[in-house]
Amino acid sequence: MLGLPGSIRACLFDLDGVLTRTATVHMAAWKRTFDEFLRSRDPGAAEFTQADYNRHVDGKPRLDGVRDFLASRGITLPQGTPEDPPDAATVHGVGLRKNQLVHAELAAHGVEVYPGSIRYLRAAKEAGLATAVVTASRNGGEVIEAGGFADLIDARVDGEVAAAQGLRGKPAPDTFLAGARALGVPPAEAVVFEDALAGVAAGRAGDFGYVVGVDRVGQADALAASGADVVVQDLAELLEEGS
């Protein structure tokens, strides 16, 4: 009924863009942050685009996203420290500015979920599969609670957990492997659900039993090229396929 191989016993869901619509919130916050930063250095600098987000930022830990995007523009900043102010020209400063914008947006508008994804999540639980959220966001717990589906999640590996355990961010498979361990299943018996190219690559690198790419921004071919076994626009498609 779930459109998955019969060997699968656990589901590992990315959060932003798979279960919740917060990927658009993150994109908007990154765009404002980077556009302001770039213009402060060069008023004629090309703006941050959706393609930049997909290629350099989406699915990665916040500081990695700062470094990778700026490197694509030939910019290297000092790392700085977590105590840097949001206007500091450091990796931590830029990352903090983005995070402040995300928190302001979530406080103002809350968290919107994808109904098809929540239907799928509920169906997975009813079918007896274990579930985990695996996200680079340090706000994972807050978003899950605000989204109203905490009762459907058995384990969470977010940015806070990754930092505490020294896990590498996506496209390395570390956080997904930690999610599988938390659920007590080997990677071969777990499925990864991801909308980010880095996340799909992480699922493939971890030798997971199945990788589902979720295409929210018109990058189906790129998701498949990154290692997705199947690409859907909404998880409800898998329920229809499996019925």
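Reader: Which residue of strand 5 does Glu194 stand opposite?

Author: This is a predicted model, so the answer rests on computed geometry. Strand 4 (residues 190-194) and strand 5 (210-214) pair in the parallel sense over four bridges. The residue opposite Glu194 in strand 5 is Gly213.

Reader: What covers the buried residues of helix 9?

Author: The buried residues in question are Ala198, Gly199, Val200, Ala202 and Gly203. Their cover includes both strands of the unit, strand 4 and strand 5. Two helices also belong to that cover: helix 8 (174-183) and helix 10 (220-226).

Reader: Is Asp207 buried or exposed?

Author: The cut-off for exposed is over 50% relative accessible area. Asp207 has a relative accessibility of 60%, so it counts as exposed.

Reader: Where is the cis peptide bond that involves Pro171?

Author: Pro171 sits in the loop between helix 7 (159-165) and helix 8. The omega of the cis bond is near 20°. The bond runs from Lys170 to Pro171.

Reader: What is the strand order of the open sheet?

Author: The sheet has six strands, with parallel pairing. Its edge strands, each pairing on one side only, are strand 3 (155-157) and strand 6 (230-232). Neighbouring strands are turned by 20° against each other on average, direction ignored. The order is 3-2-1-4-5-6.

Reader: Which residue of strand 2 is the bridge partner of Phe13?

Author: Phe13 belongs to strand 1 (residues 10-13) and is buried. Strand 1 pairs with strand 2 (residues 130-134) in the parallel sense, over four bridges. The partner of Phe13 is Val133.

Reader: Which residues of strand 4 are the bridge partners of Cys11 and Leu12?

Author: Strand 1 and strand 4 pair in the parallel sense over four bridges. Leu12 points one way from strand 1 and Cys11 the other way, and both are buried. The partner of Cys11 is Val191, and that of Leu12 is Val192.

Reader: At about what angle does helix 5 run to strand 1?

Author: Helix 5 covers residues 115-126. It lies across strand 1, strand 2 and strand 4. Its angle to strand 1 is about 155°.

Reader: How are helix 1 and helix 2 oriented to each other?

Author: The axes of helix 1 (residues 22-41) and helix 2 (residues 50-57) come within 10 Å and cross at roughly 100°. Angles of 65 to 115 degrees count as roughly perpendicular. The two helices are therefore roughly perpendicular.

Reader: Which residues make the contact of helix 1 with helix 2?

Author: By class, the contact has six nonpolar, two polar and no charged residues. Helix 1 gives Ala23, His26, Met27, Trp30 and Phe34. Helix 2 gives Gln50, Tyr53 and Val57.

Reader: Is His56 buried or exposed?

Author: His56 lies in helix 2. It touches Gly65, Asp68, Phe69 and Ser72, not counting residues up to four places away in sequence. The cut-off for buried is under 20% relative accessible area. His56 has 15%, so it is buried.

Conventions. Residues are numbered from 1 along each chain as its sequence is written. This is a predicted model: local features need pLDDT of at least 70, side-chain atom pairs count only at pLDDT 80 or more; totals for chains, interfaces and linings use all residues. Side-chain values use heavy atoms; hydrogens and water are left out. Buried means under 20% relative accessible area, exposed over 50%, partly exposed in between (1.4 Å probe, protein chains only). Two strands pair if DSSP finds at least two bridges between them. Contact means heavy atoms within 4.5 Å. Axes are lines fitted to C-alpha atoms, for helices over the stretch in contact, and angles run from 0 to 180 degrees between N-to-C directions. Angles under 35 degrees count as roughly parallel, over 145 as roughly antiparallel, 65 to 115 as roughly perpendicular and the rest as oblique. Ala, Val, Leu, Ile, Met, Phe, Trp, Tyr, Cys and Pro count as nonpolar, Asp, Glu, Lys and Arg as charged, and the others, Gly among them, as polar.
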